[in-house]
Amino acid sequence: MGQTGTDRFKTAILLLAATGLIAGLALRLAGRADLASLAWLIGVAPALIALVVEILRSLRAGEVGLDIVAALSMSAALVFGETLAAAVVAVMYSGGTFLEAFAEGRARAEMHDLLSRVPRSATRHHNGGLEEVPLDEIAPGDRLLIRQGDVVPVDGMVASETAFVDTSALTGESLPVRLARGADAMSGSTNAGEAFDLTATREAKDSTYAGIVRLVEEAQASKAPMSRLADRWSLGFLAVTVAIAFAAWWFTGDPIRAVAVLVVATPCPLILAVPVALVAGLSRAAHFGVLIKGAGPLETMARIRTLIIDKTGTLTDGRPQIVSIDSHDGMAEDDILRLAASLDQASQHPVAQAIVAAAKARGFSLPVPSDVAEIPGEGVAGHVEGRKVIVGGDAFVASRVGRRPGDHSAIAAGSVLVAVAVDGHMAGHLVMSDPLREGAGAMLRGLRREGIGRILLATGDRADVAERVTEGLGLDGLRAGLTPDQKVLLVLSERKHGPVMMVGDGVNDAPALAAADVGVAMGARGAAASAEAADVVLLVDRIDRLGPGIEIARGARRIAVESVVAGIGLSVMGMIAAAFGYLTPVQGALLQEVIDVAVILNALRALRITPRAMPLPAGTEEIENP
């Protein structure tokens with residue numbers, strides 16, 4: 001039976017039980033007590049039969065829960081002639097299961113919204129006109145028109161002067177952001193301004209939004225450790241309930257008191273609070289761009305004490321950026337960059353692509369190079385606007401222009417030096433480095449406040465480079481020159497300090513992510529292997545989302561524990577009152593329903609958890625009215 005069919009069945013059971021209760025009350029008021037009892041019995045029967053079937057299924061699966069108490073209370077009430085109490089319990093129990101299903105549906109609503117936003121087609125420029133094409137036909141390099149209100153169908157770069165996009169459905173940003181020409185636009189965001197052109201950089205199936213949809217659809221349905229713990233608690237609670245009911249009957253000789261005790265314990269907040277609160281936490285985290293693959297990882301995430309973080313592409317941006325431009329022959333810095341970028345358009349090397357991106361970000365128009373010859377790993381030579389240009393490593397370019405390589409020992413560790421020669425003369429050097437992500441320091445300090453006791457850096461880079469990049473971050477340890485296997489060993493060795501979270505973005509991080517108690521992948525630009533191995537995926541390329549994710553996980557777990565403790569406490573107090581004769585079975589059923597409603601409403605508070613700070617990514621501008 002599908003989810004819709006299950007919901008309809010629960011609704012039908014609730015309607016039958018409620019109809020029987022109301023009809024019986026009407027007959028009782030009309031003086032027909034005999035028919036009233038029959039109406040209540042008819043209303044109870046479907047709920048009791050459905051409950052017994054569910055209990056048998058659970059027992060075959062090796063699960064014992066508090067549904068048994070509900071069956072005992074209804075059966076005992078019928079046996080001892082308390083048909084009204086049985087009818088009230090039937091309505092309350094079927095209403096509780098219906099309310100639980102409604103609450104979980106409410107908690108999953110934001111994840112469902114992600115799936116409902118998937119575009120089916122896109123508008124593509126073709127031969128001077130426009131054509132509507134299915135998403136599967138879009139290829140990297142295609143120029144697409146994104147109309148106002150359209151959802152961006154694939155990952156790409158803005159090909160117009162500016163674009164205003166609303167990423168709130170994916171990242172939780174409250175206002176649209178302004179993107180300049182050449183800026184990355186994430187699939188799944190909405191055009192909040194005028195129409196703009198987008199150059200596709202990925203196929204639809206490989207784009208960010210498609211990955212999000214896959215991950216949501218594959219989100220694990222297994223129970224969280226806390227839910228399994230609640231099941232074990234329920235066995236103890238079942239024993240306590242039966243013991244109190246038996247003692248009340250034994251010492252007073254009144255079986256009705258035993259029925260009242262059983263009724264107050266039906267159902268228990270243990271089977272309601274935990275799943276609702278954790279699912280609400282999953283939904284809330286997804287709203288802020290943190291996709292957690294199930295309640296189990298969320299509950300573990302709330303207990304993390306040690307964080308191990310990769311450097312390149314995680315703590316740093318992962319893309320080299322120009323730090324400075326040194327001119328040696330009187331040529332203007334802008335001219336050096338423009339000529340180098342024009343030639344590097346012909347290369348796929350990451351450094352070359354970074355130079356091209358930097359030039360486009362400055363608004364330079366780049367002519368197409370000619371006579372290009374690339375020596376892999378060394379450099380590129382060719383003609384730009386009739387001028388002979390060479391771009392590459394200092395030794396490579398110096399040898400091509402008949403000079404000796406210069407002394408660049410003063411350049412900071414980890415920096416990349418790119419030499420540029422024009423018409424046989426050394427024109428200058430571009431100094432590039434992989435910078436620390438903006439907000440990384442504040443993010444780490446925030447994690448300390450959230451209770452993360454140890455923060456370590458794990459990188460395959462050199463120690464001097466890692467030390468320079470992380471200076472002043474206050475890390476508890478730095479492990480450099482690590483292979484993927486050594487990262488796994490580091491994760492395993494750190495478990496002695498408590499649950500370990502590993503954050504990474506590359507293929508080489510995947511084994512460590514899988515070995516950690518919670519693996520976190522940078523999903524926007526990270527490798528598919530790392531996203532598959534991870535328990536948590538950051539949907540946007542921003543490490544600062546880690547803090548809000550942990551904050552939401554801990555808040556959801558705290559709310560679940562509060563609901564369980566409060567609900568059990570109130571139920572036990574009600575059972576004791578019933579045992580001493582202060583509550584009738586009907587009053588007990590009404591009291592328990594009040595407790596259940598309060599527990600579910602409290603668990604849904606997890607949907608309103610708001611992280612302390614949600615800064616904008618670098619290079620974007622928040623706007624109120626595009």
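Buried means under 20% relative accessible area, exposed means over 50%, and partly exposed lies in between (1.4 Å probe, protein chains only). This is a predicted model, in which local features need pLDDT of at least 70, side-chain atom pairs count only at pLDDT 80 or more, and totals for chains, interfaces and linings use all residues. Residues are numbered from 1 along each chain as its sequence is written, and side-chain values use heavy atoms, without hydrogens or water.

- Leu35 is partly exposed, at 31% relative accessible area.
- Leu35 sits in helix α2 (residues 33-60); helices are DSSP runs (H or I, at least four residues), numbered from the N terminus.

**Aromatic pairs**

- The whole structure holds two aromatic pairs (ring centres within 6.5 Å; planes under 30 degrees apart are stacked, over 60 edge-to-face, the rest tilted; Trp counts by its six-membered ring).
- Phe80 and Trp249 are edge-to-face, 5.4 Å centre to centre with 90° between the planes.
- Phe80 is in the loop between α3 (67-79) and α4 (83-107) and Trp249 is in helix α8 (residues 225-252), so this pair ties together parts 169 residues apart in sequence.
- Phe80 is partly exposed at 34%, and Trp249 is partly exposed at 39%.
- Phe246 and Trp250 are stacked, because their ring centres are 5.9 Å apart and their planes at 25°.
- Phe246 and Trp250 both lie in helix α8, four residues apart, about one turn of the helix.
- Both Phe246 and Trp250 are exposed.

Key: Helices (H or I, at least four residues) and strands (E, at least two) are DSSP runs, numbered from the N terminus.
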